[in-house]
Amino acid sequence: MGSHNTTLLRHVLTRKGTTIPAGDLALILERIELIGKRIARELARSSIRGGLGYTGETNVQGEEVKKLDEWTNWVFLDTFESGDPVCSLISEEMEQAEHRGGQCQENSYAVLYDPLDGSSNTDINGSLGTIFSIRKRAPGHREDVNDLMRPGSEQVAAGYILYGPGTQLAYAAGAGVDIFTLDPAIGQFILWKENVRMPSRGKTYSVNQGNITKFHPGVRKLIDHLTSRKDKSTSYSLRYTGAFVADFHRCLLEGGLFMYPGEVTPDGKSKGKLRLMYELNPMSYLVEQAGGKASNGKKRLLDVVPAGLHDRQPIYIGSAEEVELAERMQVEG
Ligand code: AHG
Ligand code: MN
Ligand code: MN
């Protein structure tokens with residue numbers, strides 16, 4: 001077989017050492033692949049189909065909903081209508097979980113997702129993404145999602161789709177991170193890179209630096225260090241797109257640090273913006289599978305026990321050296 005004709009489905013079915021049976025993984029990723037194709041096609045032409053702008057609604061996060069946030073969430077619900085073995089769908093755009101089919105069984109799964117990541121980029125033709133996390137459901141649970149209130153280390157697979165100049169899908173299921181590129185001419189995701197390993201350090205850092213006064217002083221110390229230009233290890237460039245998926249993708253391929261620090265509130269507590277269960281956990285899982293690290297500034301993100309489906313945490317993610325440096329600089333106090 002040549003190097004450019006391994007499809008996603010073939011790859012999943014032949015991948016050794018995954019955390020869940022290849023058949024289950026294939027059934028779930030086949031749905032997510034279809035979702036990615038539907039979304040990629042629509043994003044490419046949404047500006048001339050009246051698809052941009054806001055709906056006028058506010059979501060569970062208190063954020064104004066873009067038409068594309070709502071539509072992409074609907075694509076998930078529609079595609080997973082016949083989505084066995086997935087029995088539960090948990091979205092950034094829905095306060096409660098949605099369930100499919102009968103009771104959740106021993107071999108049923110939940111998909112937790114951010115259908116459209118980086119939605120401030122929709123109207124300027126910027127990069128966007130979709131993030132997903134796959135977990136096993138415990139039998140006997142369904143509407144009651146207590147079995148999912150467990151650390152991200154219990155994810156069985158995770159990944160994202162990046163809608164950039166090209167559409168790419170990255171996933172890991174315990175056997176390393178693999179990346180596929182959508183060939184629009186044949187409508188297939190084709191294997192591009194297998195078992196991606198991150199450099200132990202990079203050359204870029206990624207943060208919304210406009211928020212600097214809201215962060216803990218440790219973040220300023222870290223940025224001062226990374227940009228003091230005394231030598232190679234203090235000469236970083238800033239890269240920030242406004243889409244976590246796009247900024248993370250750069251880190252995954254080239255190393256470096258992405259951070260969304262907590263905002264320090266008047267009572268001295270730090271409040272993260274990005275959501276643990278369907279933004280941070282999947283990316284933390286991928287980064288570890290590629291040899292990098294993810295922390296909330298104080299501890300490994302995959303060890304954080306959520307209290308609710310929409311919990312938020314600070315994040316410092318990327319190459320091991322930069323994430324360790326952030327922790328040493330006590331970026332969250
Ligand atoms: P979403 O579009 O799913 O709400 O996520 C937006 C996230 C993330 O993609 C990005 O890194 C960050 O929010 C951007 O936020 P700021 O505009 O506050 O920098
Ligand atoms: Mn997001
Ligand atoms: Mn979103």
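**Close-up views of a predicted model**

**View 1. Spacing of the donors of the manganese ion (ligand 3).** Along the chain, the residues that donate to the manganese ion (ligand 3) follow the pattern E-x21-D-x1-L. The structure shown here and in the views below is a predicted model. The protein donors are Glu 92, through OE, Asp 114, through OD, and Leu 116, through O. These donors lie 2.2 to 2.4 Å from the manganese ion (ligand 3). Asp 114 and Leu 116 are both buried.

**View 2. Asp 114 between two manganese ions and ligand 1.** Asp 114 forms a bridge between the manganese ion (ligand 3) and the manganese ion (ligand 2). The two ions are 3.8 Å apart. Asp 114 also approaches ligand 1: one of its polar side-chain atoms lies 2.9 Å from an oxygen atom of that ligand.

**View 3. Backbone atoms facing oxygen atoms of ligand 1.** At Ser 119, a backbone N or O atom lies 2.8 Å from an oxygen atom of ligand 1. At Phe 244, a polar backbone atom is found 2.9 Å from an oxygen atom of ligand 1. On its own, ligand 1 has 470 Å² of accessible area, and the protein covers 86% of that area.

**View 4. The shell around ligand 1.** Which elements give two or more residues to the shell around ligand 1? They are β5, spanning 109-117, and β13, spanning 257-260. Strand β5 provides the largest share, with three residues. Ligand 1 is surrounded by 18 residues, and the closest are Asp 117, Ser 119, Asn 208, Tyr 240 and Tyr 260. By residue type, the shell comprises seven nonpolar, four polar and seven charged residues.

**View 5. Glu 254 in helix α5.** Helix α5 covers residues 244-254, and Glu 254 belongs to it. Is Glu 254 buried or exposed? Its relative accessible area is 54%, and Glu 254 is therefore exposed, the cut-off for this class being over 50%. Leaving aside residues up to four places away in sequence, Glu 254 touches Pro 199, Arg 201 and Gly 202.

**View 6. Glu 254 and Arg 328.** How many residues apart in sequence are Glu 254 and Arg 328? The two are 74 residues apart along the sequence. In space, the C-alpha atoms of Glu 254 and Arg 328 are 23 Å apart.

Notes: Residues numbered from 1 in each chain as written. Chains lettered and ligands numbered in written order. Predicted model: local features only at pLDDT ≥ 70, side-chain atom pairs only at ≥ 80, totals over all residues. Heavy atoms only, no water. Donors = N, O, S within 2.8 Å, 3.2 Å for Na, K, Ca; no water. Buried < 20%, exposed > 50% of the residue type's maximum accessible area, 1.4 Å probe, protein only. Helix = DSSP H or I, 4+ residues; strand = E, 2+ residues; numbered from the N terminus. Contact = heavy atoms within 4.5 Å. Near = heavy atom within 4 Å. Polar contact = N/O pair within 3.5 Å; in protein donor to acceptor, adjacent residues only side chain to side chain. Areas by Shrake-Rupley, 256 points an atom, 1.4 Å probe, with all protein chains shown as cover. Nonpolar A, V, L, I, M, F, W, Y, C, P; charged D, E, K, R; others polar.
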